[in-house]
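Hi everyone, thanks for coming.

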Amino acid sequence: MPDQRALRVAIVGSGPSGFFAADALFRADDTVRVDMFERLPVPFGLLRHGVAPDQLKIKSVSKAFERIAERHHFGFFGNVSIGESVTIDELRKFYDAIILATGATQPRQLGIPGEELPGCHTSMEFVGWYNGHPEFSGAEFDLSHERAVVIGNGNVALDVARVLIKGAEGLGHTDISSRAMAALARSKVREVQIIGRRGPVQARFTINELKELLKLPDCQPYISPEDRLLNASSEAELEHPDGGLLRRTHEVLMACEDQLKEDRHKRIQLRFHLSPVRLEGAGCVERLILERNILRGEPGRQEVEGTGEETVVPTGLVISCVGYYGKPLPGVPFDEARGIVPNHQGRVLDEQRLPVPGLYAVGWIRHSARGIIGDTKADSSATVRALLEDAPLLPPCPVPDDDGVTRMLKERGVSEVAFDDWSRLDMEELSRGKAAGKVREKFTHIPDMLHFLRESASQAAVAGS
């Protein structure tokens, strides 16, 4: 940068990738000014609204994010929607660089007939529901059926299955939303089938998630003998010299039982080499039709080929866990086919594939939805390195004013939520949770959050007068 003042960076999105980017900036230069923008009044993104309620160790990462937010040069602008409350071009007036950390906020569809029937849902809806996301907290799920089907072979599929099987009794101490807990208390689901297009070697479960599956009380994790069979290419993938982690994961997966037992009250069956082809029912989902697959090709490059053989699974609840993709932001280049912001090493690219000065991307909006939260740290650090390399050549923002954005939002009537405001919400949630015997009781409606903040601020003003 041509002048000697501190670098000013805006981060759009307050999930793990956004906070890891802020941390990388502060570690590189403790004078940098970082302001984080979040469309919800509450921070932490998938850590709050995506991680399953019983994953308390993973959720504890928020403590590290809170320490980052305590930095003197950090600002939080919650309840501020980019493109509505303020535009990217307007932010450019106040910041030298902008990092997009908006994640993947749209679910991929199955693309099969009958997907629109009541009873078929995306994991985004179901996960948002049990985690109290304001957009999904009021969703309805029919849990009156004994069998549910989860489509997908990643960790989200395991989370969904585990929540359905654990129910209210196994999750009552967590931060699950009270509405979801009440519905799960009435649930009649006793069996969950997890469906994968490929084989067990190609499944994208992680070891820790699989171990959680094996520890479920009164539940039999089951893989049939036929679903354990591997073709030559899959065996070669396991035997590859670099396949140590794959082999260990496969060993844990194969620890699932191979014979059905009658003494277990609940069951999770993992089924492989099956693709959903249609959903059927009179006004709602009643059955899922699957096609048997085979894998063809060289190790590491196998493709799915349908055999035409179909099988029917009676069910009234289907949850698809087949991935997510990003949502375009006004004024920002977007790759519709891949669902990401086009970029090279985190530098956002325009239609001519040239870097857009001062615009960067991290996390799932950079490279699509994959990996776990821990993977995000290295990704964010790499983008920050690119930003800092560019910093001497970036055109300085025209208005380096710490209060400029706040004044603009106030003039527009936007109810900005600062990090101190979130801390009050946090304390209230923890207090309500303690009273209910839970980790926390979340606010699940934005108007309730803003009402609480107004009331608590008013009470504090009266007490201080």
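This is a predicted model: local features need pLDDT of at least 70, side-chain atom pairs count only at pLDDT 80 or more; totals for chains, interfaces and linings use all residues.

Okay, let's start with strand β18, residues 355–361. Five of its seven residues are buried, so the rest of the structure largely encloses it. Who are its partners? Strand β17, residues 347–349, pairs with β18 in the antiparallel sense, over two bridges. In that pairing, Arg347 sits opposite Tyr360 of β18. The two strands make a hairpin with five residues between them, and Arg353 in the turn has a positive phi of about 65°. Then there's strand β4, residues 97–100, which runs parallel to β18 and is joined to it by three bridges. Here Ile99 stands opposite Tyr360 in β18.

Now, the rings. How many aromatic pairs does the structure hold? There are 17. Take Phe19 and Phe74: their ring centres are 6.0 Å apart and the planes are at 25°, so we call the pair stacked. Phe19 is in helix α1 and Phe74 in strand β3, 55 residues apart, so to speak a link between distant parts of the chain. Both Phe19 and Phe74 are buried.

For a tilted pair, look at Phe443 and Phe452, with 5.5 Å between centres and 45° between planes. Phe443 is buried at 4% relative accessible area, and Phe452, at 16%, counts as buried too.

Conventions:
Residues are numbered from 1 along each chain as its sequence is written. Side-chain values use heavy atoms; hydrogens and water are left out. Rings of Phe, Tyr and Trp (its six-membered ring) pair if their centres lie within 6.5 Å; planes under 30 degrees apart count as stacked, over 60 as edge-to-face and the rest as tilted. Helices (H or I, at least four residues) and strands (E, at least two) are DSSP runs, numbered from the N terminus. Buried means under 20% relative accessible area, exposed over 50%, partly exposed in between (1.4 Å probe, protein chains only). Two strands pair if DSSP finds at least two bridges between them.
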